[in-house]
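Hi everyone, thanks for coming. Let me put the structure up, and then we'll walk through a few spots together.

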Amino acid sequence: MPGWRSHWHLVLLNLLTCGLEICVAAGITYVPPLLLEAGVEEKYMTMVLGIGPVLGLLFIPLIGSASDHCNSSYGRRRPFIWLLSLGVLLALLIIPHADVLAAHLSWGSSRSNQALQVGLLILGVGLLDFCGQVCFTPLEALLSDLYREREDCAQAFAMFSFMVSLGGCVGYLLPALDWSGGLLAYYLGGQAECLFSLLILIFVVSVLVTMKVSEEPSCRPLVPEAGLPDAGRCGPRSCCYVLQCKLKLLKSGPLLCLLRTCWFMTPAIYRSYCHIPRVMRQLCVAQLCSWMAVMSFMLFYTDFVGEGLYEGVPSAAPGTVLRQRYDEGIRMGSLGLFLQCATSTFFSLVMSRLVHVFGSRKVYLSSMVSFTISAMIICLSKSVMLVTAMSALTGFAYATLQTLPYTLTCHYHKEKEVYMQTSKTKKMHRSGLSITGEAVCLTVDDDTADLNHKSGHTNGHVFYDQEYYSSPHSQNGTPPGLGSEDYDKRGVGLDFAILDSTFLLSQVFPTLFMGMIVQFTQSVTAYIASSAIFGAVGVYFATHIIFDQKDLKG
């Protein structure tokens with residue numbers, strides 16, 4: 001599509017990305033007060049926030065690989081997007097109405113009612129965080145499927161990063177507004193109900209728009225088998241045909257596809273985590289360290305401003321001077337995160353131009369160096385204005401981490417024979433097996449076997465032969481595309497899942513250990529100091545990322 005139509009199509013295609021980020025940012029921001037009001041202690045509250053990332057670490061590789069091998073007539077990625085979107089919608093309904101649901105479902109004392117309310121809140125929070133974060137993986141793979149050329153892919157993921165940043169801006173802004181005094185809150189019941197009703201509306205519209213404009217190519221349609229009459233004819237045999245078609249459609253659905261993946265492919269998928277190509281391994285290590293720096297900053301920045309800069313006390317009684325200082329610091333910290341998202345939005349818009357002028361390596365390294373310097377200044381400064389300005393500058397790194405790793409992964413998959421050679425493929429080359437960028441030709445000749453198979457490969461995505469991949473597993477019990485020893489036919493969905501796993505893992509560590517570090521040091525400055533240390537480590541590992549073929553010689 002030329003001109004403005006192409007940009008408008010990208011905006012609509014990434015509208016669900018924006019809607020997801022709005023719901024996750026606003027929902028997770030508003031959840032801690034609800035948990036505290038329900039009686040959850042603060043030390044357990046951080047563990048509740050870690051449930052979603054932990055579940056995501058377990059299921060993201062399965063969902064990513066299952067979408068690579070899904071044979072649904074609705075496409076490979078969209079069925080999983082629908083399924084995960086349903087989970088987000090269910091969470092948005094549970095969280096604000098947990099007290100009402102607990103009152104209707106409980107039959108015992110008020111204590112059991114409170115316990116059920118806490119359980120429903122934990123269920124809603126885990127479901128929102130898990131489904132919201134995991135849904136990004138098939139969305140990223142969908143972009144890679146639709147935009148295959150390197151420049152188009154870079155532009156698509158720049159828009160993806162822009163919509164994530166825009167969603168973060170709106171998501172952090174919505175909970176800060178007072179919804180309790182409006183007419184809508186009068187009918188819905190209060191601040192939480194009004195906010196989450198608005199989130200549901202935004203999310204449903206974004207899902208419908210994105211699913212409408214995403215013209216994902218479907219798999220081979222079902223055709224009548226030889227000897228069977230057409231579906232339009234009457235008679236018992238036509239009923240058998242209709243039933244057979246329905247069973248085939250059911251087998252290609254996302255749930256059964258995911259279950260088949262869990263049953264046949266789980267060992268091979270998790271082995272692929274240990275035997276990933278060198279380029280992906282180095283990218284993931286740098287991505288993990290970089291995300292740990294950014295997430296350590298984002299998760300605890302408001303608490304640092306409230307306690308460190310404003311010297312407030314969160315446990316002080318409401319209305320006291322110490323509590324007022326803390327609340328004022330929280331508002332200023334929220335402003336800093338909003339400015340971070342605004343800066344990230346700007347850099348997402350100019351990311352393609354920056355990469356074109358300076359190159360991917362300089363952009364990635366400069367973003368992490370600027371983040372590390374900003375975090376160090378925040379640790380040392382007592383000026384609220386300077387700290388807020390430095391927090392805004394960290395948005396450059398956030399935009400970079402949302403864009404460049406995914407465009408690099410698309411580039412690796414486009415030239416798989418160059419970047420993604422494992423030790424096994426190198427042995428194949430030495431044995432005379434040929435691998436080219438246009439087609440993969442496997443030939444095995446011996447006394448007992450003769451195997452010839454060709455599969456097209458185009459720019460970041462493997463297009464599977466539907467006849468070869470029509471069955472859930474091959475004759476020897478190994479799922480399609482998997483060898484008996486390793487996972488050679490890597491789909492882009494699996495590698496996107498590995499990248500997204502680094503993002504989730506970067507949230508698990510701070511939620512589990514950062515509280516103990518602060519308790520040991522007796523200072524909330526440890527939050528930002530840890531972020532600066534992770535940033536420096538991220539800069540070191542970023543120098544080892546393979547950005548082009550010249551880096552392979554190192």
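So, at what angle do helix H14 and helix H16 pack? Before I answer, this is a predicted model, where local features need pLDDT of at least 70, side-chain atom pairs count only at pLDDT 80 or more, and totals for chains, interfaces and linings use all residues. Residues are numbered from 1 along each chain as its sequence is written, and side-chain values use heavy atoms, with hydrogens and water left out.

Okay: H14 (residues 278-309) and H16 (residues 360-380) pack at about 35°, with axes 12 Å apart. Helices here are DSSP runs of H or I, at least four residues, numbered from the N terminus. Axes are lines fitted to C-alpha atoms over the stretch in contact, and angles run from 0 to 180 degrees between N-to-C directions. On the H14 side, the contact (heavy atoms within 4.5 Å) includes Ala-286, Phe-297 and Phe-304, and H16 brings residues including Tyr-364 and Phe-371.

Next, the salt bridge, meaning a side-chain nitrogen of Lys or Arg within 4 Å of a carboxyl oxygen of Asp or Glu. The count comes to one. Arg-77 pairs with Asp-145, with the closest N and O atoms 2.8 Å apart. Arg-77 sits in the loop between H4 (51-68) and H5 (78-94), while Asp-145 is in H8 (residues 136-146), so the pair ties together parts that are 68 residues apart in sequence.

And before we leave H21, or rather get to it: Phe-513 lies in that helix.

Definitions and conventions: Helices (H or I, at least four residues) and strands (E, at least two) are DSSP runs, numbered from the N terminus.
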